[in-house]
Amino acid sequence: MSTGRPLLTRADAVVLGLMLALVVGLWLSPADEAGSGRVRVVAPGQQWVLPAYPDRRVVIEFAGGHVLLEFARGSVRVAESYCPRRVCLEHGWLGGVDDAIICVPQQVVITRQGGRNCDAVTR
Amino acid sequence: MKRVYIAGLFAAALLLAVALNRRQPTINHATFFAFDTVVNVQAVCPVDDWEGDNGLLAETKNDLRAQELMFTRGARADAEDIMASACLSPPAAWIELLHFCDKLHRDSGGAFDPTVIPLLDVWGLWGDSLATRPPAPGAIAAVLPRVGWSRQVRLLPEGCLTPDTGSEVFLGAVAEGYALDRLVELWRKRRVTAGVIDIGGDVAVIGEHPDGRGWRVGVQDPAAPDRLYTELELRDCFISTSGDYERGFTFEGVRYHHILDPRTGWPARGWHSATVIARRGIVADGLATTLMVMGKADALREQYAYQALLIGAGGRTGKWRWPEARP
């Protein structure tokens, strides 16, 4: 004998639909996808992902040192560093997506993230 | 009651999806320092296999650290010290390397020579400080007798012996390539079917990108380090480059660099860079340096399976079965 009451109301269906979409989305989505317009800074034991905009100066501190990064027009350069040869300062602004600023003495790597054309560069 | 039952089922499905998602193969990235350079790795595998104390990333770092120690004198890990100074009792893993170096030295007519350190010292291209002008010709001639693998090194089945004349064996020209060979072997044992390992520009690619294409590897333009000369899609191979832009100085308009011709004591001339693709890391790494010195892309085609691209001034190229760039 039917009571005339549906098993699920419209609201129930919406909630369950959203949950289903979430399940499918989680299943299909890769766990690690690089964002675009970001700068990744890797230092000993630490890592930061910073938005390339807006223009600003940011001090990155880590165990054993620090660097001052200057962001402008979506690019970045090392504006201040206390490494001995200061090669990272001479590198200037980060160029294309395959470019990297590397400070070997402080073990800091600065790269663009997202929109990368190559998976690796042989040099 | 039924609603609660259905909602519970979905909640359970959600939790299951989260758990299973960590078992889905995905591209795991990491950047770290090893061999005194930057290492970039990408492995297509479940996150659970990648992370953690026993994960592939930790094992990769441990393996590189072990190799650093193998290549270094004492416990220091500077690239300048990547040399086989204790040649009397080399680690077992060296023996294969030493025999490879011996073969490449002979095949190349001496263009590849792991005893080149005294020359690098004279040129001021070894260690932290760089020279700003070439040495006097007499200084080069004075150290040449200390250079020469076939004269300085007696290779035995269990390793090598060097005479006590101040000569040293430097395996840096093949260290990264050898490290890549070992890592690819490790990754395959861990059932990684796709990935990229990049040790300071020496690159190994395994399988293909999850998008169904080859892994895209750019070749640096020696005339403009912020640009790529070409871009390739590669599967299951190794690619290495040697270039005159890496370490050197310019004096009176002439570039002097660290890729020295061991037979003359002077920097190799004719090409700005040599890039080699091979099925083994040590072949790609060793041949990139050797072909820079020999100056011909097909110079070793009879002895080794490889493809090569030499880039000279004005974009001039020399090729040996070099693959076409991707469209």
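**A contact from chain A to chain B**

Guide: In this predicted model, the side chains of D119(A) and R213(B) are joined by a polar contact of 3.0 Å. A polar contact is a pair of N or O atoms within 3.5 Å; within protein, one of the two must be able to donate a hydrogen and the other to accept it, and residues adjacent in sequence count only if both atoms are side-chain atoms. Residues are numbered from 1 along each chain as its sequence is written, while chains are lettered from A and ligands numbered from 1 in the order in which they are written. Local features need pLDDT of at least 70 and side-chain atom pairs count only at pLDDT 80 or more, whereas totals for chains, interfaces and linings use all residues; side-chain values use heavy atoms, with hydrogens and water left out.

D119(A) sits in the loop between strand 7 (108-113) and strand 8 (120-122) of chain A. Helices (H or I, at least four residues) and strands (E, at least two) are DSSP runs, numbered from the N terminus. With a relative accessible area of 12%, D119(A) is buried; buried means under 20% relative accessible area, exposed over 50%, and partly exposed in between (1.4 Å probe, protein chains only). Apart from residues up to four places away in sequence, D119(A) touches Q42(B), V196(B), H209(B), R213(B), W215(B) and R216(B), where contact means heavy atoms within 4.5 Å. S81(A) is 38 residues from D119(A) in sequence, and their C-alpha atoms are 29 Å apart.

W187(B) belongs to the largest nonpolar core, which has 61 residues. A nonpolar core is a set of buried Ala, Val, Leu, Ile, Met, Phe, Trp, Tyr and Cys residues joined through side-chain atoms within 4.5 Å. Along with W187(B), the residues with the most contacts inside this core are V41(B), W50(B), L64(B), I197(B), I199(B) and Y306(B). Helix 8 (residues 172-189) of chain B gives the largest share of the core, 10 residues. A second, separate core has 20 residues, including V39(A), I60(A), V67(A) and I110(A). In soluble globular proteins, nonpolar side chains tend to be buried together.

Back in chain A, the secondary structure comes to 2 helices and 8 strands. From the N terminus on, the order is α-β-β-β-β-β-α-β-β-β. Of its 123 residues, 37% count as buried. Among the chain A contacts with a separation of 6 or more, 27% are between residues 24 or more positions apart.

Three strands of chain A form an open sheet in the order 3-4-5, with antiparallel pairing; two strands pair if DSSP finds at least two bridges between them. Strand 3 (56-62) and strand 5 (75-81) are the edge strands, each pairing on one side only. The twist averages 30° from one strand to the next, with axes as lines fitted to C-alpha atoms (for helices over the stretch in contact) and angles run from 0 to 180 degrees between N-to-C directions. Strand 3 is joined to strand 4 (residues 65-72) of chain A by 7 bridges, and V59(A) stands opposite L68(A) in strand 4.

Strand 4 of chain A also holds E70(A), a buried residue with a relative accessible area of 17%. The side chain of E70(A) makes a polar contact of 3.3 Å with that of R57(A) and one of 2.7 Å with that of R77(A). Leaving aside neighbours within four places in sequence, E70(A) is in contact with R56(A), R57(A), S75(A), V76(A), R77(A), A79(A) and W93(A).

Chain B has an antiparallel pair in strand 10 (residues 248-251) and strand 11 (residues 254-257), joined by 4 bridges. In strand 11, R255(B) is the bridge partner of T250(B). The hairpin has 2 residues between the strands, and E252(B) there takes a positive phi near 50°. E252(B) is exposed, with a relative accessible area of 70%. Another positive phi in a residue other than glycine, near 45°, belongs to R321(B), in the segment after strand 14 (317-320) of chain B. R321(B) counts as exposed at 62% relative accessibility.
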